[in-house]
Amino acid sequence: MQQELYQESKRYALKRLQEEADYIKSRGLSTVFHYRKEHTLTVVGLARKIAEKTGADMLTCEVGAWFHDLGKCYDSRLSPEDNRKRQKNHGLYGAEEAREFLSQKKADPDFIEEVYIAIKEHVGLTRKENKPMTPLSAAVIWDADKLSKIGWSAWLHFLAYTCNREREEQSLLELLHRDGLETMEMIFRNLNTEIAKKMAEKRLENYQKNLLHMEGVLRGEI
Ligand SMILES: [Fe+2]
Ligand SMILES: [Fe+2]
């Protein structure tokens with residue numbers, strides 16, 4: 001039953017992510033690198049690892065990870081205005097979408113509620129509260145999502161995503177520092193679990209080391 005629910009959730013999320021890719025293509029933008037899908041796959045992997053280390057419920061974390069950003073995926077059943085609303089509050093709409101899907105599958109109501117909270121609460125890079133989030137599954141989804149935004153692969157994901165948006169011209173070094181290192185350090189300070197903090201530390205160390213090298217290369221010094 002659990003395995004079936006997992007597979008059905010995965011299938012549903014991949015279908016919705018494909019819908020988002022089709023929408024991006026229809027606007028003449030590039031999907032050679034489908035950020036949302038890549039990001040979701042990474043978050044699922046991280047959620048599994050953090051759940052295993054913290055003892056959080058695995059299925060809640062896995063399903064929460066698959067659904068966590070579906071609120072950002074274009075929904076062709078809705079008007080452009082309603083899609084804009086979803087984008088602005090993607091935590092809530094993603095949580096609603098998960099609740100609707102899981103209810104149709106007759107999942108346990110407590111399980112549905114926990115997935116709902118974890119998705120709804122995952123939005124943002126900083127948290128108001130200093131203490132770890134509750135329930136534990138919400139802390140896991142938060143950490144998996146944020147950890148995926150730390151390190152070099154995260155930076156490449158960010159760059160691919162940014163290249164599809166209208167932004168002012170800026171230097172690569174500026175992007176590497178402000179949208180890279182500074183943002184990653186801020187995200188690091190807002191993690192919940194010890195395992196995520198440890199993993200983030202390693203990623204930051206590697207990022208800083210290679211950033212120094214990159215700076216030299218970009219300035220033509222190396
Ligand atoms: Fe999100
Ligand atoms: Fe995300």
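This is a predicted model: local features need pLDDT of at least 70, side-chain atom pairs count only at pLDDT 80 or more; totals for chains, interfaces and linings use all residues.
1. Of the 222 residues of the chain, 35% count as buried.

2. The C-alpha trace spans about 60 × 40 × 30 Å along its principal axes.

3. Among contacts in the chain with a separation of 6 or more, 68% are made by residues 24 or more positions apart.

4. Helix α3 is largely enclosed by the rest of the structure, because 9 of its 10 residues are buried. The buried residues are Leu59, Thr60, Cys61, Glu62, Val63, Gly64, Ala65, Trp66 and Phe67. They pack against α1 (2–26), α2, α5 (90–104), α6 (109–120) and α7 (136–147). Two of these neighbours, α1 and α2, are taken up in turn below.

5. Helix α2 (residues 35–54) and helix α3 (residues 58–67) have axes that come within 8 Å and cross at roughly 165°. Since angles over 145 degrees count as roughly antiparallel, α2 is roughly antiparallel to α3. The crossing of the two helices is right-handed. On the α2 side the contact is formed by Thr40, Val43, Val44, Ala47, Arg48 and Ala51, and on the α3 side by Met58, Cys61, Glu62, Gly64, Ala65 and Trp66. Classed by type, the residues in this contact of α2 with α3 are 8 nonpolar, 2 polar and 2 charged.

6. Helices α1 and α3 pack with their axes 9 Å apart, at an angle of about 10°. These two helices are therefore roughly parallel to each other. In this contact Gln2, Leu5, Tyr6, Ser9, Lys10 and Ala13 of α1 meet Leu59, Glu62, Val63, Trp66 and Phe67 of α3. The residues involved divide into 7 nonpolar, 2 polar and 2 charged.

7. The spacing of the contact residues may be read against a general rule. An α-helix has 3.6 residues a turn, so residues three or four places apart point the same way. In α1, the residues that meet α3 include Gln2, Tyr6, Ser9 and Ala13. In α2, those in contact with α3 include Thr40, Val44, Ala47 and Ala51.

8. Glu62 and Trp66 of α3 take part in the contact with α2, and Glu62 and Trp66 also meet α1. Both residues are buried.

Methods
Residues are numbered from 1 along each chain as its sequence is written. Chains are lettered from A and ligands numbered from 1 in the order in which they are written. Axes are lines fitted to C-alpha atoms, for helices over the stretch in contact, and angles run from 0 to 180 degrees between N-to-C directions. Helices (H or I, at least four residues) and strands (E, at least two) are DSSP runs, numbered from the N terminus. Angles under 35 degrees count as roughly parallel, over 145 as roughly antiparallel, 65 to 115 as roughly perpendicular and the rest as oblique. A crossing is left-handed if the near helix is turned anticlockwise from the far one by less than a right angle, and right-handed if clockwise. Two residues are in contact if their C-beta atoms, placed from the backbone, lie within 7 Å. Ala, Val, Leu, Ile, Met, Phe, Trp, Tyr, Cys and Pro count as nonpolar, Asp, Glu, Lys and Arg as charged, and the others, Gly among them, as polar. A residue is buried if 20 or more other C-beta atoms lie within 10 Å of its own, exposed if 12 or fewer, and partly exposed in between; C-beta atoms are placed from the backbone.
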